[in-house]
There are 2 protein chains.
Amino acid sequence: MEGIKVSFENEPYRDPDFIINHKAPFNAEPKPDVLVQSFITPTEKFYVRNHAPVPDICPTAYTLKIDGLVGQPLTLSLNDIKTKFEKVTITAHLQCAGNRRTAMSEYKKVKGVGWGIASLSNATWGGCRLRDVLLHAKIFSKESGANHAVFWGLDFGCPEDNGKPYGSSITVEKAMDIDGDVLLAYEMNGETINRDHGFPLRVVAPGIIGARSVKWLDKITISPHESESFFQRRDYKIFHNGVDWNNVEKYWDKTPSLQELSIQSAICVPAPNSALYLPFTITGYATSGGGRKIERVDVSLDGGETWDYAELLGEDKGVCTKYWGWTLFRYTITKLPQLEGKDSTKIKLVCRAWDLSSNTQPKDVKDIWNLRGVMNNCWHT
Amino acid sequence: MEGIKVSFENEPYRDPDFIINHKAPFNAEPKPDVLVQSFITPTEKFYVRNHAPVPDICPTAYTLKIDGLVGQPLTLSLNDIKTKFEKVTITAHLQCAGNRRTAMSEYKKVKGVGWGIASLSNATWGGCRLRDVLLHAKIFSKESGANHAVFWGLDFGCPEDNGKPYGSSITVEKAMDIDGDVLLAYEMNGETINRDHGFPLRVVAPGIIGARSVKWLDKITISPHESESFFQRRDYKIFHNGVDWNNVEKYWDKTPSLQELSIQSAICVPAPNSALYLPFTITGYATSGGGRKIERVDVSLDGGETWDYAELLGEDKGVCTKYWGWTLFRYTITKLPQLEGKDSTKIKLVCRAWDLSSNTQPKDVKDIWNLRGVMNNCWHT
Ligand SMILES: [Mo]
Ligand SMILES: [Mo]
């Protein structure tokens with residue numbers, strides 16, 4: 001563990017414009033209007049979700065270990081990663097499962113870092129395919145029990161897990177899917193990945209919750225079982241609304257761990273309760289999990305009674321077959337709706353997205369409320 | 001067109017227990033309690049959705065034509081299909097996009113054949129991979145414009161399309177996906193496919209709306225464009241709720257054609273308004289599109305105020321990597337909920353499913369109502 005300090009005295013420099021949701025460990029999101037200014041989020045504006053102090057890792061001493069159900073356990077240097085495996089670059093958004101948690105808490109209090117609507121961002125990621133590394137390690141077959149790729153970070157000191165580093169896992173199916181595009185990334189937006197985002201090496205598992213894209217990657221174990229980390233087994237689950245802190249233990253094993261992201265969208269401009277001068281152009285984002293294309297975003301000016309289609313701003317899929325990036329949208333209001341018997345100068349903006357599988361967002365937060373406040377994807381008003 | 005009669009005088013024998021939604025063309029579904037009696041729906045109970053008279057095709061004269069953006073146009077006999085390409089068997093459910101349309105119409109009238117909750121069924125399908133046939137035909141690359149696999153049936157006489165046969169298309173991406181499992185099927189549940197289900201050859205495109213699985217397949221054209229059939233360009237689209245018969249033309253091109261199915265579930269036993277004697281076991285089905293696993297089904301006895309998890313009955317994925325089959329579920333009510341100030345002998349059953357991407361069903365039909373009454377997947381009560 002040489003070179004890793006478990007204290008908050010060596011945190012990296014951050015953008016002073018961040019909205020800080022928690023100071024130590026550092027958790028921050030950009031302002032919503034800043035978020036949707038470009039298809040690619042500038043690195044310094046990309047939301048930061050840390051569970052412990054940021055490790056300060058010496059890149060020449062760094063190694064990645066691969067063990068478990070593999071024929072050839074490996075210890076790879078950063079140079080090995082960069083030179084032994086093909087480099088690929090993908091565009092993908094990451095989204096915290098806690099995105100929009102604050103709005104869920106407003107309905108009924110939940111536990112966890114409060115997040116507004118901007119704990120997601122879109123970047124390009126350069127690195128090697130996890131698949132190629134696992135093939136190199138001669139990963140065993142599914143029949144031999146090789147079901148999960150278990151990741152451990154080097155960020156010692158997670159308070160929820162007794163000071164252990166952050167850990168999580170994805171399925172081997174996702175890890176090995178040639179169209180799954182799971183990367184071990186050492187570049188972000190064309191530059192060396194920075195400390196807050198996982199220097200020198202992180203997982204980027206597109207289409208699934210950000211919690212699985214483990215930063216400061218220390219070790220990958222191929223296992224019959226999911227990660228035993230708190231963050232896989234206890235946290236990041238949608239419990240039904242009858243589960244509370246008195247009975248949650250009964251539901252931990254019965255409730256599946258979150259993997260793919262659900263359909264999501266939010267209006268970033270204007271801010272709520274803004275005065276608008278017509279014509280006014282609304283801007284927002286829409287995303288879905290599993291690389292599913294956003295087919296449609298609906299905008300309503302009357303709280304969801306009537307809808308119209310927003311304009312979707314094109315996404316460059318690049319080398320991927322899946323839509324891992326987000327979709328920005330805009331909609332120009334040219335006249336006010338006629339709201340019978342109501343104050344026609346007051347509009348109630350709502351958006352909702354649909355993906356290629358015709359899934360759409362739930363209307364009310366009440367119906368998806370859950371103890372941990374995850375996956376709030378209700379209509380954004 | 002020899003051997004094909006455009007009349008309803010030569011329809012096949014059907015199960016007398018079917019609920020007939022339209023007689024000619026024949027559209028029928030099994031009774032809900034019958035539907036969920038087995039994981040595999042017996043062929044005679046499998047819902048039938050026809051758009052025209054059932055063709056009576058001579059299997060020795062039958063040929064399948066493949067043309068368009070291919071290097072080697074083909075004319076294949078049924079024997080070619082059965083002998084030149086590997087035979088694979090998959091388990092997959094098909095679901096009409098109009099499933100549960102009647103319930104949508106009860107909220108506000110829509111156009112189309114009325115369907116209860118049983119216009120879906122689960123079967124095994126034997127045939128060759130469409131992918132293998134298209135590779136044999138030397139399909140062009142996406143860069144050359146090979147974007148859509150356009151299917152035409154031999155069921156001449158569709159009234160909506162001026163007597164043309166039924167037609168539809170899927171993306172080449174789906175058609176060529178090695179995990180997409182799109183079959184040209186000549187067997188259903190281990191027997192020669194019958195006339196109502198597409199004898200001698202049909203498309204089975206799992207994970208997407210039944211409307212794309214063209215029966216009595218005549219021709220496949222690889223094209224830069226979607227099928228020009230009425231059923232691709234006009235029908236099977238979810239318009240927003242401001243679209244009516246006066247302005248729909250403006251929205252035809254702006255609204256995407258349905259492909260992947262959305263998350264769905266329904267309670268099949270008990271029937272609505274039944275008297276229950278405790279303990280009572282509820283049974284139903286849950287499905288999702290794109291082969292996404294059903295992770296969870298919630299059951300509520302109080303109209304969706306509180307929920308509990310149902311028991312999911314295992315599915316055999318067989319040779320597929322995706323979950324194309326449906327998931328049956330059950331939930332045993334052992335005691336009545338305490339409904340404060342209400343008649344505690346009256347319960348209000350609701351179910352809703354969640355898939356591996358944490359998508360769940362919308363609560364109210366009002367919010368997803370659309371002119372054509374498609375993809376009604378609101379909470380089932
Ligand atoms: Mo997260
Ligand atoms: Mo259909």
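I started with charges: there are 2 salt bridges between chain A and chain B (a side-chain nitrogen of Lys or Arg within 4 Å of a carboxyl oxygen of Asp or Glu). I looked up one of them, where B:Lys366 pairs with A:Glu305 and the closest N and O atoms are 3.2 Å apart.

A note on the ground rules: this is a predicted model, in which local features need pLDDT of at least 70, side-chain atom pairs count only at pLDDT 80 or more, and totals for chains, interfaces and linings use all residues. Residues are numbered from 1 along each chain as its sequence is written, chains are lettered from A and ligands numbered from 1 in the order in which they are written, and side-chain values use heavy atoms, with hydrogens and water left out.

Next I checked the extent of the interface. I find 40 residues of chain A in contact with 41 residues of chain B (heavy atoms within 4.5 Å). The two chains bury about 3300 Å² between them, 46% of it on carbon and sulfur atoms; this is the accessible area (1.4 Å probe) lost on being put together, summed over both. On the side of chain A, A:His240, A:Tyr309 and A:Asp367 lose the most area to chain B, together 18% of what that side buries.

Last, I asked which residue classes make up the side of chain A that touches chain B. I noted 14 nonpolar, 12 polar and 14 charged residues there, with Ala, Val, Leu, Ile, Met, Phe, Trp, Tyr, Cys and Pro taken as nonpolar, Asp, Glu, Lys and Arg as charged, and the others, Gly among them, as polar.
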